[in-house]
Every structure is written in C-alpha cells, then in structure tokens.
Amino acid sequence: MGINTDKNSYTILFAIGMVIIVGTLLAAIDSSLKEKIKTNKILEKQQNILYAIGVDDNEGNNVSFISTDQAPIEFDKYVVNQIYIQGGKVIEDEEAYLIEVKKEKTLAKNPNYDRRLPLFIAEKDQKKYYVAPIRGKGLWNSIWGYVAMDENMVIQGAYFDHQAETPGLGANINQRFFMDDFIGENLLDSNGNFRGITVSKKDLDPRNEIKDDNRVDAIAGATITGDGVSAMIKSDLRLYVPYFKKLKQN
Amino acid sequence: MGLLSKKDSKLILDPLSDNNPITIQVLGICSALAITAELEASVVMSIAVLFVMGAGNVVISLIRNIVPSRIRIIVQLIIIATLVIIVDLVLKAYAYELSKTLSVFVGLIITNCIIMGRFEAFALGNGLWRSFLDGIGNALGYSLILIIVGFFRELLGSGTLWGYPVLGDAIDKTGLYAFGYENNGFMLLSPMALIVVGIIIWIQRSKSTHLIED
C-alpha cells in the first residue's frame with residue numbers, strides 16, 4: 001500500500017471520514033427501524049400488563065407472555081377502563097397505558113407539576129384488578145414493573161423487568177420464583193396503613209406462606225437489585241393510596 | 001482437520017489449551033467473573049462473543065492497512081460498538097424477545113477486553129481467514145472457561161444446572177439435602193468465580209509445566 005498512514009493530515013481525514021460513515025449508517029438504521037421498535041415496545045407493555053393480571057402462556061416455571069398477535073385483542077378484552085390520577089382528580093384516558101412513568105418522574109421534579117399516575121382497571125372472571133406501573137433503580141440501571149392489586153391493595157400478580165441487572169443474579173427479578181412470591185402479599189399492614197413489600201434476606205419463609213408480613217424472600221447475591229424492588233414498590237404504590245381509600249368509601 | 005492446514009487449525013485449538021484467553025492471556029476476566037453465576041447466562045454470553053469476535057476480527061483485518069496507527073484503538077472501539085449497536089437494533093425490531101435476553105450482555109461485550117486484545121494482537125497483522133479463525137478460536141477458549149465456571153457456580157451455589165434442581169429440593173430437604181447438605185451462597189458472588197478460575201489455572205499449569213514462568 002502506497003499510503004503513508006502516519007501523516008497528520010491522513011489521520012485527521014480518516015477520523016472525519018469514519019465518523020461520517022459510522023454516523024450516517026447508525027442514523028439510517030435507527031430511523032428505518034424506529035417505527036417497528038416503537039410498536040414492539042407498545043405490544044410489550046400490553047403483554048406485561050396482561051401478565052400481571054394472570055393472562056399469560058406460562059408453562060412450567062418459564063415466564064411466557066401471550067403472543068404479540070393476541071396481545072392487543074386480549075388487552076381490549078380484559079382492560080375495561082384506563083385512567084390517570086392527577087392532583088387527586090381521576091381522569092379517564094383510553095391510552096393511559098402509553099403514559100411513560102420515566103417521563104412523569106422527571107417532570108415531577110418541578111414542584112409545580114402534578115404527576116400523572118396511570119392505573120389500568122381490568123376484569124377477569126368477575127374479579128376486578130387495578131394494575132399500576134412502577135419504576136425505580138437497580139444496581140446498574142433502571143428496573144420497572146406492573147403490579148396488579150385488588151381494591152384492598154392485596155397484590156394479585158406482578159411483573160418486574162430490568163435494563164441491565166447482573167445475569168444470573170439481579171436479572172432474575174423477572175423469573176417466576178421471585179415474582180410469584182408477591183401474589184397474595186398485602187401492601188397494607190393490619191391497621192390499614194401503607195407499608196409496601198420488603199424484599200428481605202431475613203424472611204425465614206422461603207416458601208412464602210406468610211402473606212401478611214409485608215415481606216418476600218430475597219434472591220441470594222442480588223441485594224441491591226432486591227432493595228431497588230422494595231424501594232420502587234414503596235415509593236410508587238404509596239401514591240395510589242388515596243385513590244384506594246376513596247374507592248372503599250364509595 | 002482436512003479443511004484447515006496445520007497452521008490454521010492451531011489458531012482454533014491453541015486458545016482451547018495452551019493459549020487460553022482467560023487462563024493464559026488473562027483477557028476477558030471481568031465478564032468471566034460477572035455473569036457466571038448460572039450456566040445459561042454463561043452459554044448465552046459465549047455465543048454472543050463468538051459472533052462478535054468472528055465478525056469483528058474480519059472487519060479489523062479488512063481495514064488493517066488503511067488505519068492510522070496513532071488512532072487505531074479508537075477506531076477498533078468504534079467498530080466494535082457500531083457492530084454491537086447494529087445487531088442490537090435489528091434484534092429489537094425483528095426479534096424483540098431475544099433482544100431482551102441479550103440486552104444485558106451488550107455492554108459487557110463492548111467493554112470485553114478479549115475483543116480489543118485480539119484485534120490489537122492478531123487481526124491488525126494478519127489476513128482475513130486467519131483473523132476469522134483466531135476470533136473463533138479465542139471465543140471458544142473463552143467459552144470453555146465460562147462454561148466450566150458457570151457449571152460449578154450454579155451447581156454448588158444454587159444446587160441447580162440450567163435451572164433444574166439436580167441435587168434435590170433445598171427447602172423440602174429432599175435428595176442430597178436430606179443428608180444435611182447445604183448450598184454454598186458464596187459461590188454466587190463474584191470473588192468465588194475468581195477462585196474457581198484460579199483453580200483452573202492451577203490445574204492447567206500443573207499439567208502443562210512448560211507454561212510456568214520463573
């Protein structure tokens with residue numbers, strides 16, 4: 001090769017050329033796939049919410065959502081009402097499930113902003129479910145989930161997920177052995193005050209048979225992710241307490 | 001191997017034994033410690049690295065004569081990051097479920113020093129085919145150690161293999177647990193992975209004494 005690759009001018013030209021090529025390539029691929037990725041994310045939300053109320057394709061111990069073709073149909077069938085709560089007012093919104101909790105949390109840093117709290121009301125086998133999205137921090141990145149409750153704030157189902165928790169440890173929050181433990185747990189204590197659920201290493205109840213202790217068994221080696229799950233349940237579901245109190249009075 | 005010359009097959013076989021990337025070259029230790037708590041995660045990571053190493057080495061080898069040497073590390077980093085991001089985007093659009101399983105590995109691959117190490121040590125100075133073989137060979141060597149470590153950590157730490165309880169049920173006290181056996185929770189933590197890798201290095205060096213330096 002006849003090029004002198006050590007020359008300054010060559011180095012700079014090469015760097016500029018590479019940035020232009022790589023930048024264009026990535027931008028082109030990203031914008032051409034954007035719509036498809038967006039649709040996938042919406043379908044995933046529907047699958048997650050349905051999973052929380054027990055509409056899934058689970059076999060054995062594997063978590064498996066209903067198929068993406070079925071998700072919109074089943075979603076319309078089971079989710080009877082979508083609302084969001086803003087400043088104590090309940091507002092109906094057919095697309096409340098598209099509200100992004102992440103964005104609302106950022107906006108809520110401004111004290112003048114009343115955060116929108118989405119809540120999806122579903123009916124399955126003559127039973128009412130109230131599904132709330134939650135979001136928090138794990139060890140490496142965001143964790144989030146959907147918690148289905150009955151009108152007494154007893155958990156009926158939960159789905160958790162994560163961006164980048166450690167595989168084999170914190171990443172297991174989206175496995176059934178962890179999520180299923182939340183079913184039947186009461187978010188309130190015996191006096192009816194909100195206490196949340198603590199992911200506890202001292203639970204001494206690995207089968208999780210005691211349901212009114214506000215605790216579930218932690219995953220060994222995933223302390224920080226587990227603490228993140230406890231924290232997001234406490235901070236985010238607490239905001240729904242006034243709604244459930246009103247619900248009982250009526 | 002009829003397909004490969006003796007010199008070429010050495011590229012595949014050496015990293016599996018006397019030139020293993022983890023135990024001899026000490027590359028890729030961070031991911032070997034981080035993700036080997038379960039066998040399944042080890043295997044997924046191995047496959048992902050196999051793809052990226054094969055493709056990455058070929059791309060670097062293709063452009064080896066036109067890369068200015070002073071910025072070659074940055075160029076390598078950009079190429080590897082671009083490759084991984086493209087694969088990630090395509091998976092997100094066409095195989096969303098798979099992309100979710102792999103998403104946690106993306107960051108680990110970009111920063112995996114095995115990949116940079118092989119670009120630098122091999123692909124920059126060798127032809128296409130040999131670079132490809134070197135990438136595959138080193139990824140296989142890396143996979144071998146990952147799977148061994150994952151096997152022992154999951155077996156001793158959780159009493160399961162690929163999620164199946166092979167030693168009995170720890171809570172109901174069946175199988176081995178009926179005799180008072182307990183899982184070792186330490187095995188789930190990264191320091192024990194380092195100790196397992198250490199034991200592998202020890203066994204390897206006591207068998208192949210020519211590897212021991214003074």
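B:Val26 is partly exposed, with 13 other C-beta atoms within 10 Å; a residue is buried if 20 or more other C-beta atoms lie within 10 Å of its own, exposed if 12 or fewer, and partly exposed in between, with C-beta atoms placed from the backbone. B:Val26 is not a glycine, yet its phi is positive, at about 50°. It sits in the loop between α1 (6–13) and α2 (29–34) of chain B. Helices (H or I, at least four residues) and strands (E, at least two) are DSSP runs, numbered from the N terminus.

This is a predicted model, in which local features need pLDDT of at least 70 and side-chain atom pairs count only at pLDDT 80 or more, while totals for chains, interfaces and linings use all residues. Residues are numbered from 1 along each chain as its sequence is written, and chains are lettered from A and ligands numbered from 1 in the order in which they are written.

B:Trp162, also a residue other than glycine, has a positive phi near 55°. B:Trp162 belongs to the loop between β1 (160–161) and β2 (164–165) of chain B and is exposed, with 12 other C-beta atoms within 10 Å.

## Chain A overall

Chain A has six helices and eight strands, and its elements run α-α-β-β-α-β-β-β-β-α-β-β-α-α from the N terminus on. The C-alpha trace of chain A spans about 80 × 45 × 40 Å along its principal axes. Of its 250 residues, 34% count as buried.

Among contacts in chain A with a separation of 6 or more, 54% join residues 24 or more positions apart. Two residues are in contact if their C-beta atoms, placed from the backbone, lie within 7 Å.

## Hairpin in chain A

Strands β1 (residues 79–86) and β2 (residues 89–92) of chain A pair in the antiparallel sense over four bridges; pairing requires that DSSP finds at least two bridges between two strands. A:Ile83 stands opposite A:Glu92 in β2(A). The hairpin has two residues between the strands, and A:Gly87 takes a positive phi near 55° in it.

## Helix α5 of chain A

Helix α5 (residues 223–238) of chain A has 16 residues, which at 1.5 Å a residue should span 22 Å; the end C-alpha atoms are 22 Å apart, in agreement. The expected span is 1.5 Å times one less than the number of residues.

The buried residues of α5(A) are A:Thr225, A:Gly226, A:Gly228, A:Val229, A:Met232, A:Ile233, A:Asp236 and A:Leu237. They lie on the same side of α5(A) because they cover an arc of only 155° around the axis, the arc being that of the directions from the helix axis to the C-beta atoms. These buried residues pack against β4 (127–137), β5 (142–149), β6 (155–162) and β7 (198–200) of chain A.

## Contact between the chains

The contact takes 29 residues from chain A and 28 residues from chain B. On the side of chain B that touches chain A, α4 (72–94) and α5 (96–110) of chain B each supply at least two residues, and α4(B) gives the most, with eight residues.

In α4(B), B:Val75, B:Gln76, B:Ile80 and B:Val84 are buried. The buried residues of α4(B) pack against α1 (8–52) of chain A together with α3, α5 and α6 (113–121) of chain B.
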